[in-house]
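The following note sets out several points for a colleague reviewing this model. Please read each point alongside the coordinates.

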Amino acid sequence: MSTTLLLSIALVSVILLLLLVIKAKVHPFIALLVASLFVAITTGIPAENIMKVILGGMGSLLGSIAAIIVLGAILGAIIETSGGADRLANRFAQLCGPQRMVAALTTVAFILGLPVFFDVGFIIVIPLIYGFTKVMRVSPLKFGLPMAGMMLMVHVTVPTHPGPAAAAGLLNVDTGWLMITGIALSIPTGIVGYFVAKALNLKKYHLSVQVLEQLQLTEPTAQAPSASNKNAPGALLISGLIVLPILLIMLGSLLPPHLTPDSLLLKILTLVGSPAVALLITLALAGWLLGLRRGWTTEKLETLSNNAISTAAGVILVSGAGGAFGKVLVESGVGKALASSLQTIHLPLIPAAFILSLALRASQGSATVAIVTTCGLLSTAVTGLGEMQLVLVALSACFGALGLSHVNDSGFWVVTRYLGLSVADGLRSWTILTTLMGLCGFALTWLVWVMI
């Protein structure tokens with residue numbers, strides 16, 4: 001099948017998906033499956049393999065995020081119901097002042113995002129976002145949009161994460177220099193992202209009923225009974241419970257390479273450092289410290305868990321369907337066709353890396369796949385470059401993968417579902433934010449390239 005036809009099919013599939021969700025009001029899960037079937041059939045994937053590809057894409061994604069989303073949702077429900085999130089938000093407001101709270105939390109998101117994958121980190125900080133939203137009586141986007149943008153930026157530029165780590169290996173880049181340069185360029189990019197998110201928040205977005213009910217914003221005078229409870233857990237305890245899974249994941253990632261192979265400590269850290277186990281440990285502590293020890297019954301914890309799982313189910317299904325759509329686009333050959341067509345243009349290395357990665361990100365959804373594919377295609381073209389030049393080529397590809405997060409990206413659905421955005425508003429806010437941050441990071445990378 002020709003490159004033009006493959007790219008046309010991909011474009012039509014995205015338009016079909018948007019029409020189904022925005023105009024026909026079809027549930028995103030169903031719309032994504034329909035779009036996946038359309039791509040699979042029209043690109044000639046054998047009939048006996050179509051459902052294998054779709055279910056394989058869905059299963060591979062859900063295998064990594066389903067348990068994390070469920071455990072994170074239950075943890076968030078316990079923290080919110082205990083009144084701890086409100087207590088932490090009030091304490092934070094006293095320390096930072098209302099005018100600096102968003103900037104302070106965005107900085108916290110930058111730090112927390114360094115050791116933790118984007119989806120995991122965002123789910124962990126959702127209770128924090130909801131708590132601050134209720135205390136400040138604002139939209140969750142005021143905090144959630146800049147925090148999510150910051151965490152995604154770190155995810156695609158710092159080699160504690162799979163995309164940039166793979167880029168370092170494919171281009172023979174020194175990981176230390178890539179990390180230092182990535183963080184250095186991410187700081188000004190993050191500042192730009194903060195102000196872009198602030199500008200986007202000037203617009204009023206209609207939030208989903210589920211999120212409004214969870215935030216208790218449907219009635220102006222609504223107030224969670226636990227928020228005014230003098231026996232609510234302290235800010236320090238809540239901070240510890242939010243940081244604990246991130247700390248365990250960080251220890252599980254950073255320490256094993258320095259330990260004796262097959263040692264008991266290595267095995268323990270590998271187990272407790274996996275995101276699901278880290279969250280499970282934290283959930284057990286939260287259930288005891290915030291619930292049972294404070295007089296909650298096991299029935300109350302069960303009810304909270306059931307409600308949280310029901311809320312998380314929609315996020316899980318839509319994210320899984322997004323993974324299926326992305327997998328079908330990859331299997332259909334759209335990514336390869338796009339990469340080969342862009343290579344024939346013979347752009348300079350820095351813009352070529354950015355445009356190729358951005359196009360791959362837009363076409364198949366995964367930032368990691370976009371980075372790995374781009375760096376693999378450019379691996380021979382970078383022969384003979386100096387160390388810092390290699391670093392900048394890798395970062396250009398990384399910033400390309402930051403932009404154009406839209407309906408074929410599972411992260412798009414996680415952010416929009418948790419923040420209560422419709423698909424159209426998600427495209428107007430989240431997609432614009434990630435794209436402008438990616439462009440800013442690319443501009444800084446190209447500037448450094450010219451300077452050296």
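1. Seven aromatic pairs are found when the whole structure is searched; rings of Phe, Tyr and Trp (its six-membered ring) count as a pair if their centres lie within 6.5 Å, with planes under 30 degrees apart classed as stacked, over 60 as edge-to-face and the rest as tilted. One of them is the stacked pair F118 and F122, at 6.1 Å centre to centre and 25 degrees between the planes. This is a predicted model, in which local features need pLDDT of at least 70, side-chain atom pairs count only at pLDDT 80 or more, and totals for chains, interfaces and linings use all residues. Residues are numbered from 1 along each chain as its sequence is written, and side-chain values use heavy atoms, with hydrogens and water left out.

2. F118 and F122 both belong to helix α6 (residues 118-136), four residues apart, about one turn of the helix; helices are DSSP runs of H or I with at least four residues, numbered from the N terminus. Both residues are buried, that is, under 20% relative accessible area, where exposed is over 50% and partly exposed in between (1.4 Å probe, protein chains only). Together with W430, F118 and F122 form one aromatic cluster.

3. A further pair, F442 and W446, is tilted because the ring centres are 5.4 Å apart and the planes stand at 35 degrees. Both residues lie in helix α20, four residues apart. F442 is buried, at a relative accessible area of 11%, whereas W446 is partly exposed, at 36%.

4. Helix α9 (residues 175-200) has 26 residues and reaches 35 Å from first to last C-alpha, close to the 38 Å expected; the expected span is 1.5 Å times one less than the number of residues. At I187 α9 bends by about 30 degrees, and P188 follows within four residues; the bend is the angle between axes fitted to the seven residues ending there and the seven starting there. Buried residues of α9 include L178, G182 and L185. Those buried residues pack against α5 (101-113), α7 (141-157), α8 (162-170), α18 and α20 (423-451), contact meaning heavy atoms within 4.5 Å.

5. H406 sits in the loop between α18 (387-402) and α19 (410-419). H406 is buried, with a relative accessible area of 12%. A polar atom of its side chain lies 2.8 Å from the backbone oxygen of A362. Not counting residues up to four places away in sequence, H406 touches V14, A362, F412, L427 and T431.

Note on methods. Helices (H or I, at least four residues) and strands (E, at least two) are DSSP runs, numbered from the N terminus. A polar contact is a pair of N or O atoms within 3.5 Å; within protein, one must be able to donate a hydrogen and the other to accept it, and residues adjacent in sequence count only if both atoms are side-chain atoms.
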